[in-house]
Amino acid sequence: MITISILGLDQYVIGHYSKDHSENLAKLYETSLDNINFYAPYCYVFHNGVEQTSWNTIVRIHAPKEYERIEEQVNSYIVNTLKEFSINLQIEFFYYDKHHHHDYINDSYPRFLKEDNIVNVEKETLEEGEELYEGNIFEGYEQKLEELYKDGNKK
């Protein structure tokens, strides 16, 4: 499992980056596409009290030790493909022994959500001439609720 965490860039940018570059990174690492994951937290990077988002980006790559041999190639690829989204990049590599990685894969479901197996919820639109009710839908019930809760009765 190779996890690429990107701090200081918009999550949607990272989502598109992941879609565009996961396959190339899997080839570079000589591993299955299933072994490449991105982590895109909703976060900001600060330096000396000033927000650095999209100016200074921190990339952290966690991978099994066996991939340390191609660190320079991965570093070069990340720099060349992320520099269009950030002015400055810091890339940190963290390696672990493979025996410290554990998976549980539920065979009852697909391994990953994909565009062809997720449910797309369509927005419901009002029919022509139909109006959205903006009043108090609880009107008339407030008094009943107050009676239920007075004197400590909290059923």
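The points below go through the core, the salt bridges and a few loop residues.

1. A word on the source before the details: this is a predicted model.

2. Let me begin with the nonpolar core. The largest one has 22 residues, and Ile-4, Ile-6, Tyr-29, Ile-61 and Ile-78 are those with the most contacts inside it. At least two residues each come from strand S1 (2–7), helix H1 (11–29), S2, S5, helix H2 (71–82) and strand S6 (88–96). Helix H1 gives the largest share of this core, with five residues.

3. Beyond its neighbours within four places in sequence, Ile-6 is in contact with Ile-14, Tyr-17, Phe-38, Tyr-39, Ala-40, Pro-41, Thr-57, Ile-58, Val-59 and Leu-82.

4. How many salt bridges does the model have? The count comes to five, and three of them are worth a visit in your viewer. One joins Lys-27 to Glu-23, with the closest N and O atoms 3.5 Å apart. Both residues sit in helix H1, four residues apart, which is about one turn of the helix. Lys-27 counts as exposed, because its relative accessibility is 56%, whereas Glu-23 counts as partly exposed at 48%.

5. Another salt bridge pairs Arg-60 with Glu-92, and here the closest N and O atoms are 2.8 Å apart. Arg-60 belongs to strand S5 and Glu-92 to strand S6, so this pair ties together parts that lie 32 residues apart in sequence. Arg-60 is partly exposed, with a relative accessible area of 33%. Glu-92 also counts as partly exposed, at 28% relative accessibility.

6. The pair Lys-98 and Glu-66 forms a salt bridge too, the closest N and O atoms being 3.2 Å apart. Since Lys-98 lies in the loop between S6 and helix H3 (142–149) and Glu-66 in the loop between S5 and H2, the pair ties together parts that are 32 residues apart in sequence. Lys-98 is exposed, with a relative accessible area of 52%, while Glu-66 is partly exposed at 39%.

7. Is Val-45 buried or exposed? Val-45 counts as buried, because its relative accessibility is 11% and buried means under 20%. This residue is found in the loop between strand S2 (36–39) and S3. Leaving aside its neighbours within four places in sequence, Val-45 touches Leu-7, Gly-8, Val-50, Glu-51, Gln-52, Thr-53, Asn-56 and Ile-58.

8. Two backbone angles deserve a look. Most residues other than glycine have a negative phi. Asn-48, although not a glycine, has a positive phi of about 50°. Asn-48 lies in the loop between strand S3 (46–47) and strand S4 (50–51), and is exposed, with a relative accessible area of 73%.

9. The other angle belongs to Ser-54, again a residue other than glycine, whose phi is positive and near 70°. Ser-54 is placed in the loop between S4 and strand S5 (56–64). With a relative accessible area of 34%, Ser-54 is partly exposed.

Conventions:
Residues are numbered from 1 along each chain as its sequence is written. This is a predicted model: local features need pLDDT of at least 70, side-chain atom pairs count only at pLDDT 80 or more; totals for chains, interfaces and linings use all residues. Side-chain values use heavy atoms; hydrogens and water are left out. Buried means under 20% relative accessible area, exposed over 50%, partly exposed in between (1.4 Å probe, protein chains only). Contact means heavy atoms within 4.5 Å. A nonpolar core is a set of buried Ala, Val, Leu, Ile, Met, Phe, Trp, Tyr and Cys residues joined through side-chain atoms within 4.5 Å. A salt bridge is a side-chain nitrogen of Lys or Arg within 4 Å of a carboxyl oxygen of Asp or Glu.
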